[in-house]
Amino acid sequence: MTGTITEAAGAADASAPRVREMSMQQAVNAALRTVLREDPRTLVFGEDVGALGGVFRVTDGLQEEFGAERVFDTPLAESAIIGMAVGLAMNGWRPIPELQFDGFAYPAVDQIVNQLARMNYRSRGAVPMPVTLRLPSFGGIQAPEHHGESLEALFAHVPGLKVCAPCDPQDAYRLLLQSVRCDDPVVYMEPKARYWDRRPVELAHDPGDMPVGRSRVLRRGRHATLVAWGAMVHRCLQAAEYAAEDGVELEVVDLRWLKPIDAEGLAASAARTRRAVVVHEAPLTAGLGAEVSALVTERAFGALAAPVERVAGFDVPYPAGPLEPQYLPTIDRILSAVQRTLEYKRP
Amino acid sequence: MDQVLSGEVPLRYAVEGDPAAPGEAPPVLLLHGYGSNHELNWLRTGWPAALEGRALIAPDLRGHGGSGKPGDDGAYTPERIAGDMVRLLDALGADRVDAVGYSMGARNAWELALRHPGRVRRLVLAGFGPRDPFAGADLHALDRDSSPFGRMHRVAGTVPGNDLDALAACARGQASRPFTPEPAPGVPMLFAAGERDAVAADAEELAASCGAEVVRVPGRDHANAVSARALKEAVRGFLAVEAPAGGPR
Amino acid sequence: MTDTTERTFALPDLGEGLVEATVLEWLAAPGDRIGRNAPLVELETTKSAVEIPSPYAGTVVRLHAEEGEVVQVGSALVTFAVEGPAGEADDGAAGQAGIVGRVPQDGEAPRRRVRLRPPEE
């Protein structure tokens, strides 16, 4: 399984596009190999990322290739993991710490918010924090408590942090390269439910024409825009397939960057389709969908035929595995929201 | 649920049922093999289900799993490990146990029964024989030793939580007290091993001198006999209250 | 009359980077009724032998590997017939996702009931 990655990422000829089918796990692994190889200041560390290769095999084989000084296991102490990343970054390293699961980030919030996010500001720009915090995120794999949380709104709210969430292997590869090469701290949220998704990936060393903060339109449509990130992008694409059967053409926007957020891209799409529905796994109240709704409304109000709809998780703690299908936005909830925007009549 | 008995060398252990409950059948003390731990050796191999109805005490031996890992060889002699077991049984209020050991665990269960005769009712020695398990091994250079034991040592190093230096000290501590068939504990014993278990190759010889039976599991070796249904059934039968125990010698 | 559904259980990730295991002994045979968590199969990896408990209560329909055969993580191990309608729990051949969780199944898109009407233009 990992042989493919080694072979793919191992070819040194950067000029030839190299396309391989791989899972998102393997794509993140390949991206980590790329940055570890290109920059001796990069370090990968976290709980079980070394000898074990990560609970999802994302760091498989990295310690073997790059040694235990650059890829290493830490104690089960999330605050210490981020604290160490801050200290290393202050001394010129480019740390890529992993917090094993979304819910395990809470013990590290003090270090993330009070140190990592504001060190650059505090030092008047003298001390950049080129830290990429890898955070396996969101639900969909029926895991126990603390393993299905969506923390994007929390981190997007913190000045000084950048936040991104890929939805497929290619973008996982590209966004990780961008995150590591960026001099600001980035919270890189990996959608666990898409780890096994296999697609062709071009292992290009240049993230190309997709600058930090740019969203992308994955499907064109003229009746309404669906906005999502992470695993919900896939669900929106499925909903768009169904809608097409009914003659409704939905546009699907993969937000990708949750901070900075692509306000112009969102507004442009919503202005074209005149309707927008934002979909996320996190609870509705004060979720990032509210921000998307506000941005679209502020920038495209005149063009909108209906209020922006939000389809989200419920305002409850993330439920136990068997209840996930009831909690996560379903195709039907997405289609119902679309229908409300289609039927909307101004009072 | 795992618990830890504090002390100079803390011991992690798992308990099932109430080891202090009065009754005819005493709790079963499960002693794992070299480089393993209670979970790998006993829990993941299905022993709790096989011994259902019996209280179980399954420690990580010192130097292993979640227990303390002293650095000096002298901390790992069989008498020190037997001492740990007595300390654990005392803490749990278990006066008497049936002891089941696999491989190095059997060596130390033997020691426990020998040194503390009142504490062990019946003794199962699985994956164990009188041969020197360290034969041909350079215990001071296990990181590159090519003997069967050296190879096993390095496989043990890939088990999360294992510390190769502590394990090497454990091997030297155990080897410092070579096993002798005499004196033998005066309790009913059962020997059990895979048919192809090289470590237990001469178990029949030892069993004969102890007046005990040997159960052999067809097709199995030292590494894979521990989970075998036939082995579990033999042990359960031997430990059952109503089974004839065979008199002590 | 209760529906039964076939559920295939794939070799779970046994941890520690292991990618395959050898079937040592089946502890259930086709046609056997088996309880959840009852001993199902004994496997050996390069590191240890393990007994895998049954993930379902039901009847064993098919074993997908012979004793002595090497099975890759994620490959089908055994198929059960379990009571309950299809689609109740979509975890048939899912297998474990790693140390926690299950691999989501993408085989077919979730069903839908809601129908859309295009806007009048």
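The largest nonpolar core here has 106 residues, and Leu226(A) and Ile334(A) have the most contacts inside it. A nonpolar core is a set of buried Ala, Val, Leu, Ile, Met, Phe, Trp, Tyr and Cys residues joined through C-beta atoms within 7 Å. Buried means that 20 or more other C-beta atoms lie within 10 Å of a residue's own; with 12 or fewer it is exposed, and in between it is partly exposed, with C-beta atoms placed from the backbone. The model is predicted: local features need pLDDT of at least 70 and side-chain atom pairs count only at pLDDT 80 or more, while totals for chains, interfaces and linings use all residues. Residues are numbered from 1 along each chain as its sequence is written, and chains are lettered from A and ligands numbered from 1 in the order in which they are written.

- Leaving aside neighbours within four places in sequence, Ile334(A) is in contact (C-beta atoms, placed from the backbone, within 7 Å) with residues including Leu226(A), Cys236(A), Val277(A) and Pro329(A).
- Another core, of 97 residues, lies apart from it and includes Met189(B), Ala193(B), Ala234(B) and Val50(C).
- As a general pattern, nonpolar side chains tend to be buried together in soluble globular proteins.

**Where chain A touches chain C**

- Chain A brings 32 residues to this contact and chain C brings 22 residues.
- On the chain A side, α9 (231-245) and α13 (331-343) are the elements that give two or more residues.
- The most comes from α13(A), with seven residues.
- Helices (H or I, at least four residues) and strands (E, at least two) are DSSP runs, numbered from the N terminus.

**Chain C and one of its residues**

- Chain C has zero helices and eight strands.
- Of the 121 residues in chain C, 35% are buried.
- Among chain C contacts between residues at least 6 apart in sequence, 57% join residues at least 24 apart.
- You can find Val82(C) in strand β8 (residues 76-83) of chain C.
- Why does Val82(C) count as buried? Because 20 other C-beta atoms lie within 10 Å of Val82(C).
- Beyond its neighbours within four places in sequence, Val82(C) is in contact with Thr4(C), Thr5(C), Arg7(C), Tyr56(C), Ala57(C) and Gly58(C).
- Val61(C) is 21 residues from Val82(C) along the chain, and their C-alpha atoms are separated by 9.8 Å.

Terms used
Contact = placed C-beta atoms within 7 Å.
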